[in-house]
Amino acid sequence: MTSAPKDEQTLLARIAELEQSVIDSAAQLKETASELEAFGAALSHDLRAPLRAIDGFCQLLLEPPYIEQLDPTGRDYLQRIHRAGKKLAQMMEDLLQLVRLGRSGVSAERVDLSRLAREILDGFQAAEPGRRAQTAVESGIVVVGDARLLRLALENLLGNAWKFTSKKDVADISVGRATDEGAAAIRVRDNGDGFDSQYADRLFRPFQRLHSESEFEGVGIGLAKVRRVMRVHGGRVWARALRGAGASFYFSLPVIDAPQAPSTDR
Ligand SMILES: Nc1ncnc2c1ncn2[C@@H]1O[C@H](COP(=O)(O)OP(=O)(O)O)[C@@H](O)[C@H]1O
Ligand SMILES: [Mg+2]
């Protein structure tokens, strides 16, 4: 018992140290957050004006009388500038959405993910009636979360499934409950191009893509948004895939209810 005060002192000193390090980390976080804020503001405003000028003047050059003064190579160059400008605008738009995501709060509503997924998939099929796709959505997957954000996440996951199966004769896409290494989750699975599982974690970072622009178009922000949506809900997302043999994306949200129900195939 006589050594207790000394132990106590050491303990108190350690607690004070830890407190200081928490304070330091919080200050650092605050600084990063305000830097991000400034970055977001620049994205939304300052960087857009010059891009609009590029787009506008390209458009003028692509019309008579200027377009006639260019030879085919010149026209090709001009079109490339125009496309690159549009791409940059899209990238900024997506980044801005990512930076803002969840900042205005996350609501807690009952969200029927099955219905949402069905709607999104039907929308894709309606937009490309020529594509042959088999889609299956397990019904009754109801979660508590922010409907708008969860829609955004599903649109991105299913959008990828739809895109990376576009070279298959028949796309096969399913959404349902699943477990992965013991973790209960919701799985979005496709029979598309897949990727090497060793890179699965990288894909959730902004601008990380495993497919070239010429193979499959894209910006590379979609999965970063999905990860953000899951994180602001206290959930997570991960992926499994094989190169050339389809991909599965799993996500888990803290509250999942509703009993197992038969799937609605289409
Ligand atoms: N369902 C999928 N099948 C195969 N690869 C995928 C799939 N989903 C995502 N990926 C890989 O992850 C990358 C990042 O995805 P994402 O952030 O949505 O960007 P984008 O769709 O704009 O390429 C993709 O470029 C692709 O390489
Ligand atoms: Mg995508």
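Between domain 1 and domain 2, four residue pairs are in polar contact, with both partners at pLDDT 80 or more; a polar contact is a pair of N or O atoms within 3.5 Å, where within protein one must be able to donate a hydrogen and the other to accept it, and residues adjacent in sequence count only if both atoms are side-chain atoms. On the side of domain 1 that touches domain 2, three residues are nonpolar, two polar and two charged (Ala, Val, Leu, Ile, Met, Phe, Trp, Tyr, Cys and Pro count as nonpolar, Asp, Glu, Lys and Arg as charged, and the others, Gly among them, as polar).

The model is predicted: local features need pLDDT of at least 70, side-chain atom pairs count only at pLDDT 80 or more, and totals for chains, interfaces and linings use all residues. Residues are numbered from 1 along each chain as its sequence is written, chains are lettered from A and ligands numbered from 1 in the order in which they are written, and side-chain values use heavy atoms, without hydrogens and water.

Select 47-100 for domain 1 and 109-265 for domain 2; these bounds come from an automatic or database domain assignment.

Next, display Lys225 and Asp94, whose side chains meet in a salt bridge (3.3 Å, N to O).

Then select ligand 1. Of the 20 residues around ligand 1 (a heavy atom within 4 Å), Lys163, Asp190, Arg209, His211 and Gly220 come nearest. The side chain of Lys163 has an N or O atom 2.7 Å from an oxygen atom of the ligand. At Asp190, a polar side-chain atom lies 2.8 Å from a nitrogen atom of ligand 1.

Note on methods:
Salt bridge = Lys/Arg side-chain N within 4 Å of Asp/Glu carboxyl O.
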